[in-house]
Amino acid sequence: MSDPSSRDDLDAWRPQEPSAGFADRVLVRVSAEPPRRTSSVRARTVAVVAALAVAVASAAGFAIAPRFRSSQGEIAAEARTQAPLGARIVGVLEPGARVSWRGDELVQESGDVFYRVEPGAPVVVHTPLGDVTVLGTCFRVRIEMNRGDLRAGAVGAALSAVAFVAVYEGKVRVSRADQAVTLAPGEAARAGKDRIEKLAGGAAAMDRARAAEEAALARAGQNAAESVREYQKRLDAVKEEKARLEAELADAQSKLDAKHGGAPKKSDYDLAPEDWAKLSQEHAVKFRLPCTLTSDMGEWPSATQLESAGLPPGDAAVVRDAWTSSNARVWAGIKPLCAQAVGSADVAESIGPNTCLHLIVDMADRADHDATRAAFGQVGAIRSGQATMPPNPSATLQALMLMTSEPALVESELAKGLGPDDAHRLLYQDKGLCMQSSSWSR
Amino acid sequence: LPGSLVERVMMRAPGMDAHAQAPGSRELDRATLARCKLRDPLAFRAFVVRYERPVFALLSRMMGPGVDVEDLAQETFLRAFEALSRFDLDGPARASTWLLTIATRLALDARKRRRHETRELDAGASVADAATPETERHRLEIGRAIARAADELPDDQRAAFVLAEFHHLGVHEIARVLDVPENTAKTRLFRAREKMRAALASWRNE
């Protein structure tokens, strides 16, 4: 079928697409149904392989639930455990986490759980502090009991517990009685006994807020130095929020200028060395690169999408190839860093590049906030020519350098097929093709 | 309307698509397939995600859209899971062709068990890209015409046509999928294309 119009005609006979969560439904059946036509030798082999897999996973400090769960069940993690929690949800449970589920409703009684939810009907996670309602997304819920409750036992513990929710992708609504907040990617919330509030600083703030909770419990014994550190953390969070609002303001201003016929403003993501130098001082990074192409996007980009980006239909292959190459480059760089961060290549594979990037940075930030903040500053310094790459860069620095080098690589590849002007415009114009823009600071 | 398609279906010689690769039909990598053979659940999930679209495409074009398709697709992957340990990574069959063989045989069995209820095929329901209404209507009509014409084919010819046109299998592979001699597969594909041509020409002249 070399003639494209003929292919186009045949493609008018549209097939049925797999519905959301199909793969997980298959896995549930694989788990639930006994092997068919299995010889005793094969059965023994399977048992040995399964036992080995669990043993290897445990030795690596990461357990993989040996059987797939059905539409209802319960799991309590003693080690870090990845498990399907129903048909459309995969959870990574930290030690001490306990979750039960029935269909699309889960109850998280305790602990720290990272969730990935396939798109579909809403999923609700009930916690002692409120409900978390989500569509397809990645998010984390951590429930903290105070130490007095732990000593006293479970009864009444929820009254003084605190739940934290951090969102990596999609949107999440945290609600209780007459209170509710909606969280976007990068945002986090704290649900205490009195109220639900957003945390400035997103997922990283979850960890800082935890430190603040502990600090509050022990404030009688705190010295002045600890207080200063705590105020510094709060100040960081405020600065981050300020940077985010400034970016939003600049974006709104740019749109207003365009609407009123003003000269096209340079994109905030089209960064010169002096811009990087400024970002370095603010411990911030920015990058804009192709979105991750997924199988449900079909033959992307369509003629209509190209037209809206100011390109002729014949440029589809150039654009698609550049996006595909970029996706592969990013994933090749991020995946090993992610596998190292979460302790499992399989988990890295299952959570994908976007969430992986957030996890790499968040986990590093949790381990050493000052070093992570320094890495953010280093990126701008290196990009502006004020510094060079250190000999043993941290995972955060490697990840951020990788992401911030990608726009130039994509632009260069696009320029071969589209010419330099169109390549640059496509990468930085507001109404472009599928792009993702990120602006982070620490 | 479908003149160009009629002409091309009429002119296409059997076997000319031999070993053609469907656009975007990248095979799962060898390491993941090896893990599938060991019944690694995460690897098998990747296997399902990689191949769910071609399996749904084949089954829906063999059976018509509906609940049966999801059931048969699940059954296809369950059987694949059972049989993967016997799949030869160094053998002549690609994993996709091997899986489509399972799906095709399940579809043929299902069609034998019951004559497929005729449905109004919503062939263009999700035409993408905000095409103009006229273009959308045009594609809808073509899609329905092809689906109706394919529905008139005997099951084995329909399978040969779908495998060749939508999954880019060559005659040699179709013969293996249908478990028939190569010449038989060639004849079935030829007859399927002839009948499709005639049916579509007739529709064009209505």
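This is a predicted model: local features need pLDDT of at least 70, side-chain atom pairs count only at pLDDT 80 or more; totals for chains, interfaces and linings use all residues.
## Disulfides of chain A

Over all chains, the structure holds 2 disulfides. When the bonded cysteines of chain A are numbered in sequence order, they pair as 1-4, 2-3.

One disulfide joins Cys291(A) to Cys434(A), with an S to S distance of 2.0 Å. This pair links distant parts of the chain, 143 residues apart. Cys291(A) belongs to the loop between strand E15 (284-290) and helix H8 (303-308) of chain A, while Cys434(A) belongs to the loop between helix H13 (420-428) and strand E16 (435-441) of chain A. The link of Cys291(A) and Cys434(A) is right-handed, with 125 degrees about the S-S bond.

The link of Cys338(A) and Cys356(A) is left-handed, with -70 degrees about the S-S bond. Cys338(A) sits in helix H9 (residues 316-342) of chain A and Cys356(A) in helix H10 of chain A, 18 residues apart. Cys338(A) is buried, with a relative accessible area of 0%, and Cys356(A) is likewise buried at 0%.

In soluble globular proteins, nonpolar side chains tend to be buried together. The largest nonpolar core here has 69 residues. Helix H3 (residues 41-63) of chain B supplies the largest share of this core, 11 residues. The residues with the most contacts inside the core are Phe44(B), Phe47(B), Leu59(B), Phe77(B), Trp98(B) and Ile174(B).

Leaving aside neighbours within four places in sequence, Phe44(B) is in contact with Val26(A), Leu27(A) and Val30(A) of chain A, and with Cys36(B), Phe77(B), Phe81(B) and Leu84(B) of chain B. Cys36(B) counts as buried, at 1% relative accessibility.

## Cavities

The structure holds 2 cavities of 30 Å³ or more. The second largest cavity contains about 30 Å³ of space. Its lining consists of Gln82(A), Val90(A), Gly91(A), Val92(A), Phe114(A), Arg116(A), Ser350(A) and Ile351(A).

Strand E4 (89-93), strand E6 (105-117) and helix H10 (345-367) of chain A each give two or more residues to this lining. E4(A) gives the most, with 3 residues. By class, the lining of the second largest cavity has 4 nonpolar, 3 polar and 1 charged residues.

Definitions and conventions
Residues are numbered from 1 along each chain as its sequence is written. Chains are lettered from A and ligands numbered from 1 in the order in which they are written. Side-chain values use heavy atoms; hydrogens and water are left out. On a 1 Å grid over the protein atoms alone, a cavity is a set of points where a 1.4 Å probe fits but cannot get out, and a pocket is an open set with protein on both sides within 12 Å along at least five of seven lines; lining residues have an atom within 4 Å of a point. Grid points are joined across faces, edges and corners, and a volume is the space filled by probe spheres set on the points. Helices (H or I, at least four residues) and strands (E, at least two) are DSSP runs, numbered from the N terminus. Ala, Val, Leu, Ile, Met, Phe, Trp, Tyr, Cys and Pro count as nonpolar, Asp, Glu, Lys and Arg as charged, and the others, Gly among them, as polar. A nonpolar core is a set of buried Ala, Val, Leu, Ile, Met, Phe, Trp, Tyr and Cys residues joined through side-chain atoms within 4.5 Å. Buried means under 20% relative accessible area, exposed over 50%, partly exposed in between (1.4 Å probe, protein chains only). Contact means heavy atoms within 4.5 Å. A disulfide is a pair of cysteine sulfur atoms within 2.5 Å.
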